[in-house]
Amino acid sequence: MNKGLYTKLAFTNIKKNGKFYLPYILTGILTVAMFYIMLALQGNPGWTGKRGADDIRLILAFGTIIIGFFSVIFLFYTNSFIMKRRKKELGVYNILGMEKKHLARVLFFETLFVAVTAIGGGLITGVLFNKLMCMLLCQLMGYDSGIGFYISGEGVWITLLLFAGIYLLTLLYDLLQIKLANPIELLHGGNVGEKEPKTKVFLAIIGVICIGVGYYIAITTKSPIDALSLFFVAVLLVIVGTYSLFTAGSIAFLKLLRKNKKFYYKSRHFTAVSGMLYRMKQNAVGLANICILSTMVLVMVSTTVSMYLGIDDELDSRYPTEISVYASYVDDVEGTDELNTIVKDAIADSGRKITKAECYAYLTIAARQDGNHISYRGNMQSATASSLTLLKFITAEDYEQILGGKAPKLGDHDVVLVTDGQQEEMDTLWLGDVEYQVLDHEKLRELDVDFVKEYYYVIVKDQAAMQEINEAQRAVSGESTSYMSYQMLIDIDGIDAEKIDCKDRIDEVLTPESAKEYYSSIMCESRQYNADSFQQMYGGLFFLGIFLGAMFLMITVLIIFYKQISEGYEDKERFAIMEKVGMSNAEVKATIRSQVRIVFFLPIITAAVHVAAAFPMLVRLLALLNLSNVALFAGCLAGTVLVFVVIYLLVFTLTSRSYYKIVGEQV
């Protein structure tokens, strides 16, 4: 057989199996295009000199890794499906006289055609749409001027090498399948896995335990720092549990239905349950994939959308006033009048007027807590953030003026505790070796989310009492676990540009040299000055969320499509036999509708349950990114779920047509 015959046969095979190959090639083109666009955006020299350039490059690099990783899994999955459907055809060729080496050459040219079309088409698509994606990203990040058109030579080569490697690996996998199979196995390859699976009770129990533990972690974790460290543990447990339950739990459930004679021995239920049971081993993996991908789309899109829409809330949470000045002191707080004068004169020099000003001193101590005992001792540097107790001491006067509280008359060793309301109340508080009487407990909503296990405001009599506590703590633990501070919270008038100029003026007068006389360090922050940074970071995350969400949605659509086709071929003969032995066409239709409903609802309902269980942990993770508007996130999540269900239903309806066409007269 000559080379021309192989290429012609390969091209004919692709054309004849177009309903399999066309979606495979189109999604390959889109995947290549998305990967190249990420690389080209990341390497665009137009970012140089722009604020937030390093952050957006890091975000895009992260997106590139994710797309590359899932591209390998995605293309292998779809190729294995196509190979399974092609085995019977290849078996016929083998029986008719083609040797396996000839089949290998045909597969080589088929893979070559697909790879060249997908990679070439993807690179062309990526180059054409790169500018559009760049404009969208710049718009989301709030840049006044866009980034110029750029073709990344390095991106082209990396994309070419990655996807050429992926298609080469799929070819090697296909060749291995051909080499290990005999002609009879090839002829029946499309029916592999149709024997009734065994009930794997242990695997089902593992699935329940994994999902239960994952849900428990997500629901009970209170600290955002703990949530960050445990999030991926919970995700991994839920993924493992989902696959285990879909593969083992679904089989056990179907067998329980089969044992229920009143339910099972009805024509509609009999065929639906038995049909799903005998192929559930392979069917469950597809359902689990759809469930996991759906969950990823819902979480990724809802979180990034809420962060982008909540930029104002995030700015307000991070910067309560327009200007914030923080000064740290080695020992006692001194020179505050001079600092007030310097900052207020700088604001006046910039032409701005102060509309609100709050100034107060405080002491912050990181310690360990055991009941009502606060211990200064121990190596605090070795402690994790979630194991610490953070105490913020302020005077009764500042508590009433700044935080709006009401403190009783305090003695030298009297305190008021202000918490988030979740801690147990106590009558006394031991700070080191000194006992303090707790005269009152107050609740402050500001403390609902923080980075440590326990967080208290401790209200003391005056600054002298606060300094006494600071000296006692330093005598035991040194200077590493406490610091005296002075904070100025100031609002000013003016437009955005004028507020930024005012911040620059304050920075000019608060030089490192000016800090030496009174305080050890000083910092000035401005809400408006950092607004652009927030816009750039959250705009970049929003872009990444939509981009990756689109990719995962595309993968989900393809899995649903191939699943419908696969089930159509498997059900066609089965339903034909059912009609021949007396089952009416109406009963066949009812059975098909029953199966389709189960296959449609099971993954999306499970995904919704996963998202609901993850909601508390997601709220705490968003708090790390300064989004504390739970209502906004809940609304974005509900909207995302609604839109996704509509798209999912539309896709399932369209792909079901392929199923119905294959089943034929039975519908």
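In this predicted model, the side chains of E358 and K356 meet in a salt bridge, with 3.8 Å from N to O. E358 is buried, at a relative accessible area of 18%, whereas K356 is partly exposed, at 38%. The structure holds 11 salt bridges, and the count of aromatic pairs comes to 14. The largest nonpolar core has 96 residues.

**Salt bridges**

- Side chains of opposite charge can pair when their charged atoms come close.
- D493 forms a salt bridge with R352, and the closest N and O atoms of the two are 3.2 Å apart.
- D493 lies in the loop between β9 (482-492) and α16 (496-509), and R352 lies in the loop between α13 (336-349) and β2 (354-370), so this pair ties together parts that are 141 residues apart in sequence.
- D493 counts as partly exposed, at 27% relative accessibility, while R352 counts as buried, at 15%.
- K503 forms a salt bridge with D507, where the closest N and O atoms are 2.7 Å apart.
- Both K503 and D507 lie in helix α16, 4 residues apart, which is about one turn of the helix.
- K503 is buried, with a relative accessible area of 8%, and D507 is partly exposed, with 29%.
- A network of salt bridges links D316, E322, D491 and R527.

**Charges over rings**

- The charged end of K392 sits over the ring of Y362, and its distance from the ring centre is 4.4 Å.

**Aromatic pairs**

- A pair of aromatic rings is described by the distance of the centres and the angle of the planes.
- Y24 and Y167 form an edge-to-face aromatic pair, with 6.5 Å from centre to centre and 70 degrees between the planes.
- Y24 lies in helix α2 (residues 18-43) and Y167 in helix α5 (residues 153-180), so the pair ties together parts that are 143 residues apart in sequence.
- Y24 is buried, with a relative accessible area of 3%, and Y167 is buried too, with 2%.
- The ring centres of F69 and F70 are 5.3 Å apart and their planes stand at 85 degrees, so this pair is edge-to-face. The cut-off behind that label is an angle over 60 degrees.
- F70 counts as buried, at 18% relative accessibility.

**Nonpolar cores**

- Within the core of 96 residues, those with the most contacts are W47, Y167, F543 and F552.
- F543 is in contact with M38, L41, L60, M133, L136, L137 and L140, leaving aside its neighbours within four places in sequence.
- Another core, of 38 residues, lies apart from the largest one; L339, F393, M488 and C502 are among its residues.

Definitions and conventions
Residues numbered from 1 in each chain as written. Predicted model: local features only at pLDDT ≥ 70, side-chain atom pairs only at ≥ 80, totals over all residues. Heavy atoms only, no water. Phe/Tyr/Trp six-rings, centres within 6.5 Å; stacked < 30°, edge-to-face > 60°. Helix = DSSP H or I, 4+ residues; strand = E, 2+ residues; numbered from the N terminus. Buried < 20%, exposed > 50% of the residue type's maximum accessible area, 1.4 Å probe, protein only. Lys NZ or Arg CZ within 6 Å of the ring centre and 35° of its normal. Salt bridge = Lys/Arg side-chain N within 4 Å of Asp/Glu carboxyl O. Core = buried A, V, L, I, M, F, W, Y, C linked by side-chain atoms within 4.5 Å. Contact = heavy atoms within 4.5 Å.
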